[in-house]
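Please read the following walk through one structure with the sequence and the 3D view at hand.

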Amino acid sequence: MTMLSREMLKQQRILKSLSSVSLRLIPFLAANTDLDKRINIMLEHIKAANIMTPRLIKEALGKLEKIEWIYRGKDGYLYSNFNTISTADNHNFHYINLYKFFQSDEFKKLYKRQLQFLFYILSAKLPGHEHSLAIEHLYQNRTNAKDVKLDFFISFEDMISNLLDLINKGFFEVRLAASKEILNKNTKNLKERLYTFAEKTGKRKKRMSQNEVKHHIIHIRIAKDLVSKDQICDIYDMTRLATLQDLKCIAKDFGCSLDSFDVKALEKVHMVKAKIYREFGDVGIQLYREGLKDFFKNRSHAFQNLMENGDFANTIKNFYVIPRIEQRLKSLFEQVKNDYFTKVDTFPYESLNFKHAIKDSKPFISYIMEESYNDNLIILDRELEAAYSFIYNQFTQVDKTWYEFKEKAEKIYKDEAEAHGNDRNKVFYLAIQRQLNQKERTISEIKRDSNYKRERREKLLYNPYVAITE
């Protein structure tokens, strides 16, 4: 999932240069950022979120662009630089969850210094854990003029006013020195207790010592009820749908909606898309989105049933994404073939294009081996043999992944021969008929097709390079 980058949120010097409306925008944009960092929202969505006065939106976005936290892609969409991808194997504190309180009216009303303070505490320690520091380090004063921890508070009164506001609105909880009592929005006489702790009486504060030992230590944390697991804004929440916004927008153009589907159905689509991204990065997302558009142009009428039956994700993967991956592979082979015929007159053939093609093709062929139906494997194997036999043979000889792909295809031929007595041509015919993956397929069922021999010749001509024998 896409989350807020902790490292970006820790950059107080940059945050200080932003306006309050730009700061409020950061978590909202992050919540709508896709796996490839594309921000899947339009200006009207920002207006509807009621984060700021509509006339300030373009200015707020412009400031984020100026510091290069967002940028505009060639496709016209905005992209985020302050998002990061969470992974199961990364246990470091590298991201901030997108919590529901970022959508609250209280958050949208926070002032600039309060937002900076909140982001500072949010990124200092794991949310809900205490961050300990001297209260004297929270504002500008003579004792820490050269090393102010948070230099956006200009005085004690300024600091205490904003700290109280964040506590009273439920964002912060604090503990004073060695006390075990947690002070929060329900604590009575909160202001007086903070003043007493800081040794401020009346209009005067006790003269501060430059001795760090005499400073007053305060422990601040994000309120635990705001950062519990159930307060994380799930990607399947209809207010977010971070990785499914592209599907939502494309579906809407064809009169379809995601509103009626449960999380389980949406999760399947996300998982397919996430795996495509893990394997191919931004290229994979491009292929996925192209597949979505192609599906809705031709089969939007089937969307409802496929989603309800849980088959939509696999339909997009197997019939719209994998064919595009196969085409990418064929294009790589074509480049090598053209290079071979125009530049190479020696053996063995090892051009630079050849080496790049093997490297570039490995993630594609690995994904196909893992995700494709047997039908697809056999058809791709036959097509590569027919059009690029020499290059295909070279690939399988020098690269382990390609060798494993060839071996998998050969195993399908072998299993078909042993189980059903099918020769290679018949296996290819069955692959074109999309019959190799039927869970129950017997010889008698195949023999019932009285048109088999006539269709055999027609179907095998799908691959004109293969000789047909009766």
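D34, D36, D246, K273 and R289 are linked in a network of salt bridges. A salt bridge here is a side-chain nitrogen of Lys or Arg within 4 Å of a carboxyl oxygen of Asp or Glu. The model is predicted, so local features need pLDDT of at least 70 and side-chain atom pairs count only at pLDDT 80 or more, while totals for chains, interfaces and linings use all residues. Residues are numbered from 1 along each chain as its sequence is written, and side-chain values use heavy atoms, with hydrogens and water left out.

Side chains of opposite charge can pair when their charged atoms come close. Helices (H or I, at least four residues) and strands (E, at least two) are DSSP runs, numbered from the N terminus. Are R289 and D34 buried or exposed? Both R289 and D34 are buried, where buried means under 20% relative accessible area, exposed over 50%, and partly exposed in between (1.4 Å probe, protein chains only).

A second pair is K273 with D246, whose side chains form a salt bridge at 2.7 Å from N to O. K273 lies in helix α11 (residues 263-280) and D246 in helix α10, so the pair ties together parts that are 27 residues apart in sequence. K273 and D246 are both buried.

The structure holds 25 salt bridges. Another one of them joins K10 and E7, with the closest N and O atoms 4.0 Å apart. K10 is partly exposed, at a relative accessible area of 38%, and E7 is also partly exposed, at 47%.

Two of the helices already named also pack against each other. Two packed helices are described by the angle between their axes and the distance between the axes. For helix α10 (residues 245-253) and helix α12 (residues 282-299), the angle is about 25° and the axes are 10 Å apart. That makes α10 roughly parallel to α12. The axes are lines fitted to C-alpha atoms, for helices over the stretch in contact, and angles run from 0 to 180 degrees between N-to-C directions. Angles under 35 degrees count as roughly parallel, over 145 as roughly antiparallel, 65 to 115 as roughly perpendicular and the rest as oblique.

Which residues meet where α10 packs on α12? From α10 come D246, L247, I250 and A251, and from α12 come Y288, R289, L292, K293 and F296; contact means heavy atoms within 4.5 Å. By class, the contact of α10 with α12 has 6 nonpolar, no polar and 3 charged residues. Ala, Val, Leu, Ile, Met, Phe, Trp, Tyr, Cys and Pro count as nonpolar, Asp, Glu, Lys and Arg as charged, and the others, Gly among them, as polar.

A further helix pair has another geometry. The axes of helix α17 (residues 400-420) and helix α18 (residues 424-432) come within 10 Å and cross at roughly 105°. The two helices, α17 and α18, are therefore roughly perpendicular to each other. E410, Y413 and E416 of α17 make the contact with R424, V427 and L430 of α18. These residues of α17 and α18 divide into 3 nonpolar, no polar and 3 charged.

Helix α3 (residues 20-31) is mostly covered, with 12 of its 12 residues buried. Among them are R24, P27 and F28.

Two serines in loops can be looked at next. S300 sits in the loop between α12 and α13 (303-308) and is partly exposed, with a relative accessible area of 21%. Leaving out residues up to four places away in sequence, S300 touches F254, C256 and F295. The C-alpha atoms of S300 and G255 are 8.4 Å apart, although 45 residues separate them along the chain. S372 is found in the loop between α15 (352-371) and α16 (374-398) and is buried, with a relative accessible area of 10%.

Of the 470 residues of the protein chain, 51% count as buried. Among contacts with a separation of 6 or more, residues 24 or more positions apart account for 69%.
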